[in-house]
Amino acid sequence: MLSNIRIVLVETSHPGNIGAVARAMKNMCMSELYLVAPKIFPSADATSRASGADDILASAVCCDSLQEAIADCQIVIGASARSRTIAVPEESPRICAERLAVEAQDKKVAILFGRENSGLKNHELDLCQTLLTIPSNAAYSSLNIAAAVQVVCYELLVASSQDAVKPEVRDVALASSAQMESFYEHLYQALDEIGFINPEKSTSIMRRLRRVYHRASLDTKELDILRGILKKSTAILHQKYD
């Protein structure tokens with residue numbers, strides 16, 4: 001289960017924080033670290049703060065974009081303390097870990113942590129099916145990124161040591177993040193062609209549609225059906241007006 005879960009750090013500013021995250025991960029038997037456009041890496045500061053977790057740093061995967069880092073993942077979770085104008089399912093680390101103890105047995109999972117000073121941006125949170133929030137002092141809720149990763153990885157380790165429930169057997173694999181993003185591009189194009197999208201409201205509409213399809217947990221065949229419908233609908237529209 002733990003080997004199917006990756007920690008993804010987005011645009012980390014301080015290399016020492018990358019090292020501290022690597023140490024926190026190794027403490028909790030986690031090994032998959034992905035870095036999206038880190039400001040400085042590799043770095044002696046990262047190695048020093050890793051305190052022996054050099055293997056985690058050495059195997060860390062550096063990516064130019066978040067989409068690249070999560071392309072093959074079926075489950076994407078964003079760590080965020082910010083309130084949202086559009087309702088998104090939220091879970092505590094414990095509830096999230098208990099769910100992943102089942103789902104991560106046969107699916108790839110990415111847990112995203114944003115910038116030290118501003119977290120994840122809205123368009124990055126749009127890639128997530130759920131948000132992960134760590135309960136903390138309301139008067140002082142800011143957590144160091146390594147401390148946040150430590151809390152999450154601890155709960156994952158505890159959940160992984162409990163009696164595992166067998167995951168639901170599916171005859172078709174869940175769609176990956178890359179496949180879903182391709183679908184959203186196709187959906188936007190189709191909605192634009194039929195005149196449904198208003199440029200001033202397109203971001204809000206697409207964000208809400210993402211929430212709908214995230215909740216549905218589409219598999220690859222279901223996604224193919226939806227894309228077939230979009231393709232046929234726009235083809236009929238073009239035939240009508242050609």
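Student: What classes of residue line the largest pocket?
Tutor: Its lining divides into 10 nonpolar, 12 polar and 3 charged residues. Asp, Glu, Lys and Arg count as charged; Ala, Val, Leu, Ile, Met, Phe, Trp, Tyr, Cys and Pro as nonpolar; the others, Gly among them, as polar. This is a predicted model: local features need pLDDT of at least 70, side-chain atom pairs pLDDT 80 or more, while totals for chains, interfaces and linings use all residues. Residues are numbered from 1 along each chain as its sequence is written, and side-chain values use heavy atoms, with hydrogens and water left out.

Student: Which residues lie nearest the centre of the largest pocket?
Tutor: Ala79, Ser80, Ala81, Ser141 and Leu143, out of 25 lining residues. The space is about 620 Å³.

Student: What lines the second largest pocket?
Tutor: 21 residues, with Gln74, Ile75, Gln129, His214 and Ser217 nearest its centre. Strand E4 (75–79), H5, helix H8 (177–193) and helix H9 (202–216) each give two or more. H9 gives the largest share, 4 residues. By class, the lining has 9 nonpolar, 7 polar and 5 charged residues. The space is about 330 Å³.

Student: How do you know that the span of helix H7 agrees with 1.5 Å a residue?
Tutor: H7 has 16 residues (145–160), so it should span 22 Å. The rule is 1.5 Å times one less than the number of residues. Its end C-alpha atoms are 22 Å apart, so the two agree.

Student: What caps the N-terminal end of H7?
Tutor: Asn144 does: a side-chain oxygen lies 2.8 Å from the backbone nitrogen of Ala146.

Student: Which residues of H7 are buried?
Tutor: Among them are Ile145, Val149, Cys153, Leu156 and Ala159. Buried means under 20% relative accessible area (1.4 Å probe, protein chains only).

Definitions and conventions. Buried < 20%, exposed > 50% of the residue type's maximum accessible area, 1.4 Å probe, protein only. Polar contact = N/O pair within 3.5 Å; in protein donor to acceptor, adjacent residues only side chain to side chain. 1 Å grid on protein atoms, 1.4 Å probe; cavity = no way out; pocket = protein on both sides within 12 Å on 5 of 7 lines; lining within 4 Å. Points joined across faces, edges and corners; volume = space filled by probe spheres on them.
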